[in-house]
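Q: Got a structure to go through. Can you walk me over it?

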Amino acid sequence: LLASQSQRESNARAYPRNLPIAVARARGCFVEDVDGNVFVDFLSGAGVVSLGHSHPELVATAKAQLDEFVHGLDLPTEAKDEFVSAQLRMLPAGMRDHMRIQFCGPTGANAVDAAIKLCKTATGRGDVVVFSGAFHGSSTAALSMTGWVGQKERIANPMPGVHFFPYSYCARCPLSLDPDTCATNCVAVLENQLRDTHGGIATPAAVVLELVQGEGGVIPARPEFVTRIRELTRELDIPLVVDEVQTGCGRTGDWFAFERYGIEPDVVVASKALSGVGLPAAVIIYDERLDVWAPGAHSGTFRGNQLAFATGVEAIRIIERDGVLDDVRARGEQVRRRLSGLPARHRHVFDVRGTGLMWGIELADPRTGEPRGDLAREAQRRCLDRGLILETGGRAGAVLRLLPPLVVTEDVLDTALDIVEDALAAVTP
Ligand code: PMP
């Protein structure tokens, strides 16, 4: 029955292609399918269930809120008030007093759209700068800002005025530049285009950056690349939007990835893990200097989900109480220790990279170095056969992505990494 009903669902879904299971229940880091097989979940609902599936305290919080009311009519509520305070508390001290929050829900793409709309309104400009390999969502605007050409080619007239510039993916620098200067050369290209009055681009409404590209293949930006982009956007008075939909809410071991880079963005986009337990929520947190919106300028029926507000506050409390961010850093080091030798052990492992609990293993042809999605899919299938769910991504889908819940234990992580290593050993390039 499950299979036949699923046939009626649109083919456009991504995950079932490579993960042919039907979920019956999920708890913590584990998912059980309808046949009773148990899997370790290293996908976390695409980085959503940061505290694991159905965290008991979050479930209790959601149930209590459900008993009170669900839709807050977009009016002030206690849950919303507490959520705003908790979100602002996550920001570095210097940012708290001049940032505002806007609910954009339910999805990350909605928040990306809102960030662009805000920056366009505030600057009166029309263009947007983004980076190759970026993923910002599937709405028309967000898709236009996404690097995946194959998807965009199929929609006519996407959002105009989107300019792609090179991202600091030095392992695959198209000009084979020295990695020590490569990342700032990327920004020099952008700077040149922004300053060139005889062939450059118009000053954009925003520069939009993922500090660690997630869907693009788990590529942490080089620090000097980020610093230089921040300097440049300040010099030219261009709002810098960081898309922390995937990196936010503790995934990298800080509340937000921008903290690690030592920059202050003008707009932060967050969604996925905001509620901690998978309830939809999306926000932009932005500098009040950009706050030119008139009352009612950005509304929407599902802009504020009371259940997500309540669990979001509780999730932050639990993360602070249990020292989860320290654990994320420790587990991240565990992954680094276990995986950094992979390229030396396996000819088809091109690169291993990541931070916190967001890691990618890029597979490539050992002879040509070309990314090989077929190898990644084979490794993914072998992992699934051994009880580990993970996703692929990046160019040609050649990157195995490890995105476990932030509460994964040392033992479960070790077991999962054993499975990954065995799968890689069994894959024949
Ligand atoms: N931005 C980034 C960085 C993402 O990773 C995603 C989702 N993978 C989105 C935006 C879009 O979020 P959603 O799928 O909730 O619209």
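Q: Start with β15. Which residue stands opposite Leu388 there?
A: Val40 does. This is a predicted model, in which local features need pLDDT of at least 70, side-chain atom pairs count only at pLDDT 80 or more, and totals for chains, interfaces and linings use all residues. Residues are numbered from 1 along each chain as its sequence is written.

Q: In what sense do β3 and β15 pair?
A: Parallel, over 2 bridges. Two strands pair if DSSP finds at least two bridges between them. Strands are DSSP runs of E, at least two residues, and helices are runs of H or I, at least four residues, both numbered from the N terminus.

Q: Switching to the ligand. Which residues come nearest?
A: Thr107, Gly108, Ala109, Gly137 and Val245, out of 15 residues around the ligand. A residue is near if its C-beta atom, placed from the backbone, lies within 6 Å of the molecule.

Q: Which helix gives the most to that shell?
A: Helix α6 (residues 108–123), with 3 residues.

Q: How does the shell split by class?
A: 5 nonpolar, 7 polar and 3 charged residues. Ala, Val, Leu, Ile, Met, Phe, Trp, Tyr, Cys and Pro count as nonpolar, Asp, Glu, Lys and Arg as charged, and the others, Gly among them, as polar.

Q: Domains next. Where are the bounds?
A: Domain 1 is 59–321, and domain 2 is 325–364 + 415–429. The bounds come from an automatic or database domain assignment. The C-alpha centres of the two domains lie 27 Å apart.

Q: How many residues are in contact between them?
A: 14 residues of domain 1 with 14 of domain 2. Contact means C-beta atoms, placed from the backbone, within 7 Å. The domain 1 side divides into 6 nonpolar, 6 polar and 2 charged residues.

Q: What about confidence scores?
A: The model has ipTM 0.99 and pTM 0.96. The protein chain averages a pLDDT of 94, and 97% of the residues score at least 70. pLDDT is the predictor's confidence in each residue, from 0 to 100.

Technical notes. Two residues are in contact if their C-beta atoms, placed from the backbone, lie within 7 Å.
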